[in-house]
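Visitor: Could you walk me through this one, with the cut-offs spelled out as we go?

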Amino acid sequence: MNILVATEKPFAAEAVEGIRKEVEQGGHTLVLLEKYTDKQQLLNAVAAADALIVRSDKVDAEVIEAGKNLKIIVRAGAGYDNIDLVAATNKGIIVENTPGQNSNAVAELVFGMLIQAARNGFNGSTGRELRGKRLGTHAFGQVARQVARIAKGFEMTVGALSSRNISEEGVIQISDIDELYSNYDIVSLHIPAKPNTIGLIGYDLVSKMPKGGILVNTARKEVIDEAGLMKALEERPDLTYLSDLRPSNADEWIEKFANRVYFTPKKLGAQTAEANINAGIAAACQIVSYFANGDETFRVN
Ligand code: 3PG
């Protein structure tokens with residue numbers, strides 16, 4: 001089988017070597033399409049692929065249509081909002097993700113951005129500490145769990161908004177969204193982009209945050225109501241927004257809010273060698289295992 005790895009944002013070289021090893025040991029052929037700049041390159045490459053591994057790469061109905069031989073698509077990562085599940089399902093193509101494999105990397109970035117903000121961008125002026133602050137996670141999936149684990153190490157008070165019972169020691173169950181935004185100094189977003197979360201985080205919620213509140217987004221751009229959040233930041237000069245997902249008009253935000261906002265140059269939460277190795281190799285193993293014995297453990301469609 002031809003297993004295509006199509007990554008506009010490539011995996012670390014060690015991850016690619018690990019993927020190659022798994023693919024070849026499974027008796028398959030690895031085809032690499034990295035740093036492509038044009039969708040046509042993906043359409044051409046997918047035409048001969050039996051399986052596809054991607055990251056945030058957009059796999060829409062046209063790509064799926066072009067993948068005449070495609071049997072399985074694995075999103076090496078958590079969020080699969082970049083894949084048209086309906087189009088894949090209609091073609092009988094299995095879609096999987098690799099939950100948890102890159103979650104520590106994303107969680108570490110949350111704290112990287114938090115410390116940078118708490119120390120005023122390392123400009124030498126008097127900063128603040130994280131110890132003793134209240135950090136709440138919006139949702140409690142794999143990344144949020146890692147965030148909670150690290151936050152406990154900082155001796156923060158940790159809460160998580162979840163409808164499911166939280167059994168983790170030292171994590172306060174938050175069952176009401178208003179409680180999360182009203183009571184926590186730092187809110188870290190860990191919701192997927194779904195119809196019921198798109199544009200959810202805006203003026204009403206963020207305005208509830210306590211004085212000096214910090215909103216951290218390592219989840220998805222789409223969950224933010226950018227106009228609403230901007231209005232909240234305009235009205236509340238004490239609020240800060242840190243994000244791994246640049247808003248549409250990032251320059252305007254930076255001009256307006258200066259050091260009260262920080263945006264990574266491009267989404268890099270999962271961009272560590274370790275996360276690439278974990279997620280990339282997991283994706284390869286899942287495909288090999290599907291072809292070997294029909295294993296569909298991580299199927300999402
Ligand atoms: C994920 O959903 O796994 C993360 O957002 C990472 O995405 P990336 O593979 O594009 O870095």
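**Rings, a lysine and a sheet**

Guide: Let's start with a charge over a ring: K231 lies over the face of Y203, at 4.0 Å from the ring centre. That label needs NZ of Lys or CZ of Arg within 6 Å of the ring centre and within 35 degrees of the ring normal. Before we go on: this is a predicted model, where local features need pLDDT of at least 70, side-chain atom pairs count only at pLDDT 80 or more, and totals for chains, interfaces and linings use all residues. Residues are numbered from 1 along each chain as its sequence is written, and side-chain values use heavy atoms, with hydrogens and water left out.

Visitor: How do the rings of Y241 and F263 pair?

Guide: Rings of Phe, Tyr and Trp (its six-membered ring) pair if their centres lie within 6.5 Å; planes under 30 degrees apart are stacked, over 60 edge-to-face, and the rest tilted. Here the centres are 6.0 Å apart and the planes sit at 65 degrees, so the Y241 and F263 pair is edge-to-face.

Visitor: Which parts does the pair of Y241 and F263 tie together?

Guide: Helices (H or I, at least four residues) and strands (E, at least two) are DSSP runs, numbered from the N terminus. The two residues are 22 apart in sequence, so the pair ties together strand β11, with Y241, and strand β12, with F263.

Visitor: Is W253 buried or exposed?

Guide: Buried means under 20% relative accessible area, exposed over 50%, and partly exposed in between (1.4 Å probe, protein chains only). W253 has a relative accessible area of 1%, so W253 is buried.

Visitor: Which residues form one aromatic cluster?

Guide: W253 and F257 also make an edge-to-face pair, with centres 6.0 Å apart and planes at 65 degrees. They sit 4 residues apart in helix α10, about one helical turn. The one cluster consists of Y241, W253, F257 and F263.

Visitor: What is the relative accessible area of K68?

Guide: K68 lies in the loop between α3 and β4. It counts as exposed because its relative accessible area is 61%.

Visitor: In what order do the 5 strands of the open sheet come?

Guide: Two strands pair if DSSP finds at least two bridges between them. β2 and β5 stand at the edges, each with a single partner strand, so one side of each has no neighbour in the sheet. The pairing is parallel, and the order is β2-β1-β3-β4-β5.
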